[in-house]
Amino acid sequence: MSNIEDPALGGTTPRRRPKPEILELDGRRLRPSTLMMGHGYDPMLSEGALKPPIFLTSTFVFESAAAGKRHFEGVTGKRPGGADGLVYSRFNGPDQEILEDRLGIWEDAEDALSFSSGMAAIATLLLATVRPGDVIVHSAPLYAATETLIGRILGKFGVSWLDFPAGATPEEISAVIEAARAKGRVSLIYLESPANPTNALVDVEAVRDVRDRLFAGEEDVPPIAIDNTFLGPLWSKPLRHGADLVVYSLTKYAGGHSDLVAGGVVGAKKLLDPVRAMRNTIGTITDPNTAWMLLRSLETLELRMTRAGENAARVCEWLRAQPQVERVGYLGFHEDGSRQADIFRRHCTGAGSTFSLYLKGGETEAFAFLDALKIAKLAVSLGGTETLASHPAGMTHLSVSDERKRALDIGDNLVRISIGIEDPDDLIADFAQALRHIV
Ligand SMILES: *Cc1c(COP(=O)(O)O)cnc(C)c1O
């Protein structure tokens, strides 16, 4: 590593960041797909290696005792702004920091943090944000484990919640937030859009407007966090629509090869500082190897998501014309003039590649279709290069009550599909032969 003289440290300190960072060229702001190749990494700090090495080390050597003290002041929050050097791998590491720099680029985020899973990201965010007596307002439904975390686990620590349906109007959102304020301090507004498996979008702009109106002039304003796993970071950028923090399961589109588990949170630095401090304490940071794999994945993120999105559009157009198909719940198929179409137009630049296929019939028909698939694999998860299909009623949502399943439109005839980057005609051929197995 090259050394930059810093008299404040009583010596020299290794610096990871290339100075200056190239974010613009001739007044042109460089696009994320360009920045994914080099942003945040200076080869000359690592023997000229084009790619960042995987830094498998649990701890980092200080240049001097004074430098170590200063780094600890940053890590412990004694001095604001976080650590400016590397200390110990539970706090940070070069691969994780490069990953975080690059994650933030996609949404022009001030700051970003990486985690060992999407749920580790969500749990660390919640632990850093809520205290006993608080109320979390959230959109519904949420990813099942997030609902468990908020309802059952935080419930044990005296935190309660109120929810509104994902497609709620500003009036409905306002009524729920006011009801929550009557119960206690609203410490977080937590959204997930589109909702799984209904694909209903949340109007983030409306949530922000309602929040700003209800908390105008107050000091304690609840941040808006949103799980953007299904559409981000390419097709939806919620920071632009009023969210303060965006949460990711990087396991899905960001990782994109179904070979890792990781999470991220990006957004306002002021809000992420306490989350970083919580992560430092409980150790939910991603590991160097996974961070490195994500760096590789981010280089092709736009390519992969674009192709998967194009494939899904073609497959969905084809599927909805088939006699065995009752309906296709795909974001590209909103009724013109509907509220959902309006939210989609304002918030999204693409319809994604994960959708709901409602077959005519029930479990027998759905299972016959799933068992006959030859290219698409029968597995939960989404956002990978390969096409996956699953049965929510019998798998991810098996423990959901029948009443709630009805409310969420999770019937036995529902198949969830995540389209990959295979040849679209091959995928259509696979779905065609599988549909023929329904008798
Ligand atoms: C998968 C997923 C999660 C959880 O992520 P893990 O990486 O599996 O912990 C959270 N939210 C959504 C929307 C997801 O799809």
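Predicted model: local features only at pLDDT ≥ 70, side-chain atom pairs only at ≥ 80, totals over all residues.
**Entry 1: around the ligand**

Next I asked myself which residues come nearest to the ligand. Of the 13 residues around it, the nearest are Met119, Asp227, Ser249, Thr251 and Lys252.

**Entry 2: contacts with oxygen**

I then looked up distances to oxygen atoms of the ligand. Thr251 uses its side chain here: one of its polar side-chain atoms lies 2.6 Å from a ligand oxygen. Met119 uses its backbone instead, with a polar backbone atom 2.8 Å from an oxygen of the ligand. Gly118 also takes part through its backbone, where a polar atom is 2.9 Å from a ligand oxygen. How much of the ligand's accessible area does the protein cover? On its own the ligand has 380 Å² of accessible area, and I found that the protein covers 91% of that. I also checked where the ligand sits, and the place is the second largest pocket.

**Entry 3: salt bridges**

My search of the whole structure for salt bridges found 23. I picked out one of them, between Asp203 and Arg339, whose closest N and O atoms are 3.3 Å apart. Which parts of the chain does this pair link? Asp203 is in the loop between strand S8 (186-192) and helix H7 (204-214), while Arg339 belongs to helix H11 (residues 339-347). The two residues are 136 residues apart, and I noted that the pair links distant parts of the chain.

**Entry 4: back to the loop between S8 and H7**

I went back to that loop to look at its prolines. Pro194 lies there, and a cis peptide bond joins Ser193 to Pro194, with omega at about -5°. Pro197 has its place in the loop between S8 and H7 too. The peptide bond leading from Asn196 to Pro197 is cis, and its omega is near 5°.

**Entry 5: a backbone angle**

Last, I turned to Glu47. Is its phi positive or negative? I found a positive phi of about 60°, although Glu47 is not a glycine. I located Glu47 in the loop between helix H1 (32-35) and helix H2 (65-76).

Notes
Residues numbered from 1 in each chain as written. Heavy atoms only, no water. Near = heavy atom within 4 Å. Polar contact = N/O pair within 3.5 Å; in protein donor to acceptor, adjacent residues only side chain to side chain. Areas by Shrake-Rupley, 256 points an atom, 1.4 Å probe, with all protein chains shown as cover. 1 Å grid on protein atoms, 1.4 Å probe; cavity = no way out; pocket = protein on both sides within 12 Å on 5 of 7 lines; lining within 4 Å. Sits in = over half its atoms within 2 Å of the grid points. Salt bridge = Lys/Arg side-chain N within 4 Å of Asp/Glu carboxyl O. Helix = DSSP H or I, 4+ residues; strand = E, 2+ residues; numbered from the N terminus.
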